[in-house]
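These notebook entries record what I looked up in one structure.

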Amino acid sequence: MKEQKKERLNVDTILRSIRNNIVKIFPESSLPFKLISLVGLRINAKKHHVPLSTMVMGVYAAQHCNLNCKCCTAFSPIAEKSFLNIESYNNDMAKLAKLTGNRLSSFGVTGGEPLLHPQITEIFTIARNYFPETDIFFMTNGLLLLGMPETFWENIKQNNIAINLSRYPIQINVDKIIEKAKSYNVKFDYVGGGDVPVKLMWKYPLDVDGKQPLKRSYNICTQINRCVTMKDGIIYPCNTIAGIEHFNKYFNKNLKVTAEDVLELHNVKDINEVYEFLYTPKPFCKYCNRRGVEFGIKYGNSKKDITEWT
Ligand code: SF4
Ligand code: SF4
């Protein structure tokens with residue numbers, strides 16, 4: 001498992017470095033940037049379209065966020081306030097541990113902003129108890145990090161939880177965050193790697209009429225095997241399906257999630273059922289206009305307009 005992970009990491013590091021250097025040469029609004037991004041996206045998609053042999057899993061600690069970024073792929077600007085339910089999370093993790101023999105290749109606590117969850121340290125402790133050897137991290141915009149109590153820092157140190165910081169053009173003291181992480185011997189990285197530029201937004205448009213060829217959407221989707229999400233006993237293959245209820249509710253739409261789009265975790269008998277499920281196109285893919293993806297969108301506040309997601 002370690003060798004496989006190492007190999008994957010190396011390819012990821014090389015691709016990341018190429019992309020980040022290209023971004024420095026071409027302006028984000030330029031055609032070369034867009035073309036290169038498109039090619040990168042295809043390579044990335046291909047790379048992840050392989051059947052899994054170890055699980056990658058994530059949970060949303062909070063669906064809402066303390067930032068309001070346009071085109072947010074988690075739908076946080078239009079989501080109601082909601083937190084991960086600790087009891088059902090614990091049950092799900094127990095089942096997942098049983099299925100996988102307590103082995104996951106990585107586990108991410110994301111959102112929205114995960115640090116908004118009042119029991120965030122409990123979430124980390126539960127994850128570490130069930131998965132002693134897994135790479136566990138949380139993704140954050142960093143706004144709350146320096147205000148977190150010492151007990152939080154002790155917890156992430158003890159549980160070996162890594163910080164993954166998204167680089168938004170906001171006022172936070174990154175040097176101080178890095179210093180603090182170092183003082184607690186906590187792993188720190190930026191989402192997308194150390195040399196990634198300050199975040200630009202990407203739009204993955206939805207087709208509310210569901211007229212996309214679903215296999216094509218699936219085949220060029222970069223979320224396959226990467227954005228697997230677990231919530232209240234359900235496994236979602238991607239964060240689009242996991243979060244679509246917020247889009248539907250806010251814009252009064254009806255992008256349907258069917259029984260084939262999700263997996264009932266507590267009915268699963270063998271982990272291979274999960275891998276097979278994740279490696280199969282979903283009916284919901286007809287709502288994803290993956291060919292219409294837009295790159296290099298300047299960071300800004302969401303106006304909660306449907307065009308940010310369509
Ligand atoms: S910080 Fe991330 S989760 Fe929060 S609104 Fe911005 S893009 Fe969405
Ligand atoms: S619905 Fe299909 S195409 Fe869309 S993000 Fe999920 S897996 Fe990818």
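Entry 1: I looked up Asn185 and found it exposed, at 68% relative accessibility. I took buried as under 20% relative accessible area, exposed as over 50% and partly exposed as in between, with a 1.4 Å probe and protein chains only. Asn185 is in the loop between α6 (174-183) and β5 (188-190). Here helices (H or I, at least four residues) and strands (E, at least two) are DSSP runs, numbered from the N terminus. The phi of Asn185 is near 60 degrees, a positive value in a residue other than glycine. Lys304, in the segment after β10 (294-297), also has a positive phi, near 55 degrees. Lys304 counts as partly exposed, at 30% relative accessibility.

**Entry 2: Basis of the values.** I note that the model is predicted, that local features need pLDDT of at least 70 and side-chain atom pairs pLDDT 80 or more, and that totals for chains, interfaces and linings use all residues. Residues are numbered from 1 along each chain as its sequence is written, chains are lettered from A and ligands numbered from 1 in the order in which they are written, and side-chain values use heavy atoms, with hydrogens and water left out.

**Entry 3: The loop between β2 and α4.** I next looked up the peptide bond from Gly111 to Gly112, which is cis, with omega near 25 degrees. Most peptide bonds are trans, and most residues other than glycine have a negative phi. Gly112 is placed in the loop between β2 and α4. His117 is found in the loop between β2 (106-111) and α4 (120-130). Is His117 buried or exposed? His117 is buried, with a relative accessible area of 3%. A polar atom of its side chain lies 2.9 Å from the backbone nitrogen of Gln119.

Entry 4: I counted Ala, Val, Leu, Ile, Met, Phe, Trp, Tyr, Cys and Pro as nonpolar, Asp, Glu, Lys and Arg as charged, and the others, Gly among them, as polar.

**Entry 5: Ligand 2 and the largest cavity.** Where does ligand 2 sit? Ligand 2 sits in the largest cavity, in the sense that more than half of its atoms lie within 2 Å of the cavity's grid points. On a 1 Å grid over the protein atoms alone, a cavity is a set of points where a 1.4 Å probe fits but cannot get out, and lining residues have an atom within 4 Å of a point. The residues around ligand 2 include Ser217, Gln223, Phe284, Cys288 and Arg290. Its shell has seven nonpolar, three polar and one charged residues.

The largest cavity holds about 170 Å³ of space, a volume being the space filled by probe spheres set on the points, joined across faces, edges and corners. Of its 18 lining residues, Tyr218, Cys221, Ile224, Cys238 and Cys285 are the closest to its centre. This lining divides into 11 nonpolar, five polar and two charged residues.

**Entry 6: The second largest cavity.** I found about 110 Å³ of space in the second largest cavity. Among its 13 lining residues, Thr73, Phe75, Tyr204, Thr240 and Trp309 lie nearest its centre.

Definitions and conventions: A residue is near a molecule or strand if one of its heavy atoms lies within 4 Å of it. On a 1 Å grid over the protein atoms alone, a cavity is a set of points where a 1.4 Å probe fits but cannot get out, and a pocket is an open set with protein on both sides within 12 Å along at least five of seven lines; lining residues have an atom within 4 Å of a point. A polar contact is a pair of N or O atoms within 3.5 Å; within protein, one must be able to donate a hydrogen and the other to accept it, and residues adjacent in sequence count only if both atoms are side-chain atoms.
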